[in-house]
Amino acid sequence: SRPTVMAADSCSWFSALAVGVSLLKCFFISAYRSTDFEVHRNWLAITHSLPVSRWYYENTSEWTLDYPPLFAWFEFGLSQVARSFDANMLQVENLNYASPATVLFQRLSVIVTDVVFIYAARECCRCVREPKGSRDILSQPSFVLAVLLLWNFGLLLVDHIHFQYNGFLFGFLLLSVAKHLQSQHLQGALLFAFLLNLKHIYLYVAPAYGVYLLRSYCFTQDNKDGSIRWSSFSLLRLLALGAIVTSVCALSFGPFIAMGQLPQVLSRLFPFKRGLCHAYWAPNIWALYNVLDKTLAVLGVRLKLLEEAELPLASMTGGLVQEFEHSVLPSVTPAVTLVCTLLSILPAAASIWLRPRGARGFLRCLLLCALGSFMFGWHVHEKAILIAILPLSILAVENREDAGIFLILTTTGHYSLFPLLFTAPLLPFKVALMLMFSIFSFTYQCSYYLDTLKYFTFSILEVVFPLSPWQQRLPFLPLLVTSVYCAMGVCYAFLRLYASLLLQREDKPKLL
Amino acid sequence: MQTWSLVSICVLLSIIARWGVSLNSYSGAGKPPMFGDYEAQRHWQEVTYNLPIQEWYFNTTNNDLNYWGLDYPPLTAYHSWICAYLAKTINPEWVELHKSRGYESTQHKLFMRTTVLVADLLIYIPAVVLYCLYLTDGSSKKKVSVMFCFLLYPGLILIDYGHFQYNGVSLGFALWGILALGLGWDVLGSMAFSLALNYKQMELYHALPFFCYLLGKCIKTGLMGRGLFLLVRVGVTVLATFALCWLPFLAEPSQAMQVVRRIFPVARGLFEDKVANTWCSLNTLIKIRSILSGDSQLYLSLACTLLAVLPSCIRLLTKPTFWHFKLALVNSSLAFFLFSFQVHEKSILLAALPACLLLNDLPLMALWFLQASTFSMLPLFLKDGLLVPYIVTSLGFLFFSIYLLSALDHCSEDKLRLGAYNKLFCWVLKMDLAFIVRWKFYISIAAMVGLSIAAAVLIAPPHLPDLFPVLISTTAFLHFLGTFIHFNVVQFSEPPSRKSQKKSN
């Protein structure tokens, strides 16, 4: 792939966008925070006050440390700065401590660590293919990509209101992708290894990396027809990759293996005791499966095919996070979800093995792995949709078809994040951000009908329903409808992306 | 991208900024017994809803004027009545007579903040959008940039959405008046301005320029022909608007007199608190309040105000163009602010609005003044717990105005519009004017930043408890005085020629 050259004075608009969004993030400092705020405060306290050997055993608070060790070290670093803001937040016993200085520190830490994301966005803008001929700055693909990444609506909601460090983590992911697009594969692998040890949810996309690096990096040349040339296998490259990955993992898990705590750490990292779906269903296949199950159960009772007493009580719509059984359809176990996920990503992995299409093919495979795991995974959070949305932005600014898929995915994906922020003062933010995003995407790609449907659903669920009599009897209904509606959108996007990967001949996109 | 989409995105961004500020504290939060402006507005809702109109401005058993008595003209009272009506339908506890004193809750705060946002959306923001799209020169991108910076002006956002007031309504009406006059609809403009006057009496700061502009226009079109007709129409409109607003109070002369007494309290002294005008700053050197008697203070301030205002207004009378009108608005409101009686620090907003109108023509001077005006209100923001929004909005405003309007590039003699007077400067200083101006700007911003940090972080020594408010108000006063002189000079130099306007696009 050929890295492109950006226009001469491009840096100024990028800094303006970056400064603008950073200042915007400061407006959310006093807004609603979720329990994730307390989670991270607790982790600051644990890593600061306790010795390393106690980190993964500590359970004074219910929010135990469940990210890999590198993230714990990151929190440790933050806690050193936290001392000068308010040392009381670093006491493990101070549960739910939220003094103004604590809130200010934590919010500022998210805003400041986003600098990684801003740098990664800059690198991605550098990799974008510019169409020939000079155009108005507002229509250049790199500008559009910068807006879609820096001002990503979902990231703003999740990171700066709900409270998480996704910007920091996505910075690593996007930087790794950018490095691969620039043909610097070792750096990309290093960054991804780092990322895996920061948050293990990115295991979702590890198959894409594995297949791509093995096929396109370890085999240095292909035959004329694109098939694999076994003789060009480079052991040196494979060893280099292996060394990078193992050294990063050793750095991260080494101390815990030495202390013999590896099983405990792994049990904290992969808690399978939780149910198939979160309290609020992520918009994936299992949400549709649950709805089908419930519908069949209700129909069965109505048509006298089932006894109501036989059905298990308090189904999944009770809003609790525990293991439950399905009424009519067979229950789903973690093993089943794993098999389904692997089956869903197998065609994509096979496709880039048999017919590699360079770094952009890898990106498509990464997206399909992310979406496949989102669709079929066990206890998926709706926030995981961002793993698919952010990399898709890169493809969306280069290719009209991808732009269409991107629009569907972001509309439904972002909308599915709304239930995370349910307090009344946040309503103007949600509406304003959603309108801004719609106007922006409408100007570049026409998606009038989908948007109308979304606004219609939004007004019904947020305005009409709470005032209706069904609010008492079926309080879970708005969330259910949101899940189902978004699940259909995500499924559709998944299928279309698959089609574009499998049917694409070569790496020549149709430009916008 | 099309203009409408850029405009909508900018408006939505400014709404996010406003709502973000409104999540913070308000004036008098949790501070009994008097609380602050937020409680005053809530109390007015209580009074106007529960009491008959005849009792609104009088001291009765049900209406204690010492506890935030109504001291704005009737339109504010009607607005409070409308808000109270809505409040009653949502939660009657919010406006219950006597019992709701000092009522504070998160729902109530949400309600009050929403009323401010709705008023802004209906009145202020459309006026800004229309002004920038129709009455500014330049490409559509330039117009949208000006609009964005106009909407981001921190002072108004922090006062309306932080401290809690409804300045957006009165300034919005005034802006509609200016917009109408700019488009040549004089009658509508005078009606809009009369509405603004009837909302807040401080709009009198803008009254002289409106009067002189319209009178000058009448004279120019011939006092014996169409001019006279225009004069009569404007006069009738103004009188009719006033009569309509004051209708319930015109039944008895005592009612009207009481309202006037409430909105113009002349019993108070030359100034209260630390405010960035001449008298307060002079007071640091000579204790003027103790030297002169109450009456002579009044006459002195009246004389100085008139002297300061007259040159600009007479110039406007002789040359009633829109350009001179805008300059006269700035000069008149600044003159009133600097020399008038009982000025509050929030009155600088009245000078800030016309300065925003000049963001397109004189970007550097306008944004410099606007930043200084926000800075002058810092003691108030610190008292209300609005330090973080102050920092964020000021940084945003400074960054975007300098970036989008290329303010620092427009420092040449031509752009500053000083005309023949810049030759005087250059002869005295023998240096490049743009260089001097830019460096003065940097030093001034550094001083403001330094003082802001000091006021927020350091504690004043015990023998000088008001050290930081005094330093801030004196610095701001020097900026305002400088701006006042500068804009007067600009008003007296030649207006921009067609050629130089084309160059600046």
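This briefing covers confidence, the interface and some local features of the structure above.

The model is predicted: local features need pLDDT of at least 70, side-chain atom pairs count only at pLDDT 80 or more, and totals for chains, interfaces and linings use all residues. Residues are numbered from 1 along each chain as its sequence is written, chains are lettered from A and ligands numbered from 1 in the order in which they are written, and side-chain values use heavy atoms, with hydrogens and water left out. The predictor gives the complex an ipTM of 0.87 and a pTM of 0.89.

**Confidence**

- Chain A has a mean pLDDT of 82, and 84% of its residues reach 70 or more. Here pLDDT is the predictor's confidence in each residue, from 0 to 100.
- Within chain A, confidence is highest in helix α8 (residues 166–181), at a mean of 94. It is lowest in helix α20 (residues 470–473) of chain A, at 62. Helices (H or I, at least four residues) and strands (E, at least two) are DSSP runs, numbered from the N terminus.
- Residues 1–9 of chain A have a pLDDT below 50; beyond near neighbours in sequence, this stretch has 11 contacts in the model. A contact means heavy atoms within 4.5 Å.
- Residues 318–322 of chain A are also below 50, and this stretch has 6 contacts beyond near neighbours in sequence.
- Chain B averages a pLDDT of 88, and 92% of the residues score at least 70.
- In chain B, the pLDDT is below 50 over residues 498–505; beyond near neighbours in sequence, that stretch has 6 contacts in the model.

**Interface of chain A and chain B**

- On chain A, 31 residues are in contact with 26 residues of chain B.
- The area buried between the two chains is about 2,500 Å². Carbon and sulfur atoms give 86% of that area. Buried area is the accessible area (1.4 Å probe) that two parts lose on being put together, summed over both.
- A salt bridge is a side-chain nitrogen of Lys or Arg within 4 Å of a carboxyl oxygen of Asp or Glu.
- Across the interface, 4 residue pairs are in polar contact, both residues at pLDDT 80 or more. A polar contact is a pair of N or O atoms within 3.5 Å; within protein, one must be able to donate a hydrogen and the other to accept it, and residues adjacent in sequence count only if both atoms are side-chain atoms.
- On the side of chain A that touches chain B, α1 (10–26) and α18 (427–444) each supply at least two residues. The largest share, 11 residues, comes from α18(A).

**Side-chain pairs**

- The whole structure holds 14 salt bridges over all chains. One joins E38(A) and R41(A), with the closest N and O atoms 3.1 Å apart.
- E38(A) and R41(A) are separated by about one helical turn, because they lie 3 residues apart in helix α2 (residues 35–49) of chain A.

**Loop between α1 and α2 of chain B**

- A cis peptide bond joins P32(B) and P33(B), with omega about 0°.
- P33(B) sits in the loop between α1 (3–22) and α2 (37–50) of chain B.
- F35(B) is placed in the loop between α1 and α2 of chain B. Although F35(B) is not a glycine, its phi is positive, at about 55°.
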